[in-house]
Amino acid sequence: MFDERIPLHFLPTFVIAARLENLRATAQQVHLTHGAVSQQIQQLEQAMGCPLFERQGRGLRLNAAGRELLAVAEPTLEALQQGIGRVRRVAQSQALRISVLPSFAHYWLMPRLSSFHAACADITLDIDASLAVQDLTRKGFDAAIRLGNGQWADMQAQLIARGEVVPVATPALARQWQAAFDDGTPGMPLLEHDVTPWRSWFLVHQQREYGRPLASFNDAGLLIRAAEQGFGIALVKRLLVSDALTEGRLVALAAARQLEPVDFYLVWPQNSGLTPAVEALLHWLQRQLA
């Protein structure tokens, strides 16, 4: 059992003060006054029966006892926060919080949400669209759809779609430049994603680089939007333009190719296991992408 004399509710303040080694900065982060933070640290030290910091003017420095307490308190508080997140997700039952790339959310997932809700009517999706690779466990996500090689620390991953890329353009632009594309004629207006440059396409096809680079984007959604506006020929993941190709808004100028081992995966925290809601999402994705 915990020693009831130890004010455990002061530990979060102690951990922040130990990281920052500055009471004023700690006070700003925990939204307390400088005096209140100082009092919490003093009360914790009194309860522990030893000082935890060396006072150096207005600054602090952890002593040996403080470092020992930090080594115990920091992972304990983090584990508690993770546990609280899991409790909340269980309490919310079938609420499913997922992290996805904005381009995947806009061009593939959103048009199929009605299909998902028809197949999984008891699950409410909470979708966070971000280019950042989120820390699923610490930020309370149940799963994520990511591009990569399937290897992420402390994550389980299941392949859901290949990451083939394809050169696409509007029908009008495709008619104008198709012969030039096939022959390697200079001057074609090229658009690219910064992680899938055109040079990779030419390298795989053992061709010299040709064309006129117009723009590079860090978001595939912006790249697709530019292609749909007729600004140039875009090299983009085929999955993301599958609807545009089917509907005729874009035309493929060549067959799709896998340029590197980067595919679409559904990933979830290893310590959470495959929950029923995540499993339902996985099965739905596999049916849709079969």
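A residue counts as exposed when its relative accessible area is over 50%, as buried when that area is under 20%, and as partly exposed in between. By this scale Glu 247, at 54% relative accessibility, is exposed. The structure described here is a predicted model.

**Salt bridges**

The model contains 7 salt bridges. Three of them are set out below, each with the distance between its closest nitrogen and oxygen atoms.

| Pair | N to O distance | Relative accessible area |
|---|---|---|
| Arg 55 and Glu 45 | 2.9 Å | Arg 55: 43%; Glu 45: 10% |
| Asp 126 and Arg 97 | 3.8 Å | Asp 126: 39%; Arg 97: 27% |
| Glu 247 and Arg 249 | 2.9 Å | Glu 247: 54%; Arg 249: 36% |

The side chains of Arg 55 and Glu 45 meet in a salt bridge of 2.9 Å. Arg 55 belongs to strand E1 (residues 53–56) and Glu 45 to helix H3 (residues 34–48), so this pair ties together parts that lie 10 residues apart in sequence. The two partners fall into separate classes of accessibility: Arg 55 is partly exposed at 43%, whereas Glu 45 is buried at 10%.

Asp 126 and Arg 97 form another salt bridge, with 3.8 Å between their closest N and O atoms. This pair links distant parts of the chain, since Asp 126 lies in strand E4 (residues 124–129) and Arg 97 in strand E3 (residues 95–100), 29 residues apart. Asp 126 is partly exposed, with a relative accessible area of 39%, and Arg 97 is also partly exposed, at 27%.

Glu 247 pairs with Arg 249 at 2.9 Å. Of these two, Glu 247 is exposed, while Arg 249 is partly exposed at 36%. Salt bridges with shared partners join Glu 228, Glu 247 and Arg 249 into one network.

**Strand E5 and its neighbours**

Strand E5 (residues 143–148) is mostly covered, with 5 of its 6 residues buried. Strand E3, which holds Arg 97, runs parallel to E5, and 3 bridges join the two. Within this pairing, Ala 143 of E5 is the bridge partner of Ile 98.

E5 also pairs with strand E12 (residues 263–269). Here the strands run antiparallel and are joined by 5 bridges. Ile 145 stands opposite Leu 266 of E12.

Helix H5 (residues 102–109) is largely enclosed by the rest of the structure, because 6 of its 8 residues are buried. The buried residues of H5 are Ser 103, Phe 104, Ala 105, Tyr 107, Trp 108 and Leu 109.

Helix H7 (residues 171–183) contains Ala 180. This residue is buried, with a relative accessible area of 11%, which places Ala 180 under the 20% limit for that class. Leaving aside residues up to four places away in sequence, Ala 180 touches Thr 185, Met 188 and Tyr 210. Ala 180 and Tyr 210 are 30 residues apart in sequence, and their C-alpha atoms are 9.8 Å apart in space.

Technical notes
Residues are numbered from 1 along each chain as its sequence is written. This is a predicted model: local features need pLDDT of at least 70, side-chain atom pairs count only at pLDDT 80 or more; totals for chains, interfaces and linings use all residues. Side-chain values use heavy atoms; hydrogens and water are left out. A salt bridge is a side-chain nitrogen of Lys or Arg within 4 Å of a carboxyl oxygen of Asp or Glu. Helices (H or I, at least four residues) and strands (E, at least two) are DSSP runs, numbered from the N terminus. Buried means under 20% relative accessible area, exposed over 50%, partly exposed in between (1.4 Å probe, protein chains only). Contact means heavy atoms within 4.5 Å. Two strands pair if DSSP finds at least two bridges between them.
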